[in-house]
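Please work through each task before turning to its solution.

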Amino acid sequence: MSLLVTAALLYLGLALGFILVVDNLVGLVFRDSRTPLRLPSFDIGRAFAATQKFDRK
């Protein structure tokens, strides 16, 4: 029984590794030409800095 569990875990690990390798290779070949999305946290940080600047005046 433990041999079956070990074989199943090895199979899952190899399958996940294969998926990651193929995904990275596809990502190298088909690069996204669009600009990356900006996270809204940067805009929130800038707004917070601006409010701090106005509070000091």
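**Exercise 1.** Is Val-29 buried or exposed, and why?

Solution. The model is predicted, with local features needing pLDDT of at least 70, side-chain atom pairs counting only at pLDDT 80 or more, and totals for chains, interfaces and linings using all residues. Residues are numbered from 1 along each chain as its sequence is written, and side-chain values use heavy atoms, without hydrogens and water.
Step 1: buried means under 20% relative accessible area, exposed over 50%, and partly exposed in between (1.4 Å probe, protein chains only).
Step 2: Val-29 has 61% relative accessibility and therefore counts as exposed.

**Exercise 2.** Where does Val-29 lie, and how many residues of that helix are buried?

Solution. Step 1: Val-29 belongs to helix H1, residues 2-29; helices (H or I, at least four residues) and strands (E, at least two) are DSSP runs, numbered from the N terminus.
Step 1: among the 28 residues of H1, the count of buried residues is zero.

**Exercise 3.** Why does the span of H1 agree with expectation?

Solution. Step 1: the expected span is 1.5 Å times one less than the number of residues.
Step 1: the 28 residues of H1 should therefore span 40 Å, and the end C-alpha atoms are 41 Å apart, which agrees.
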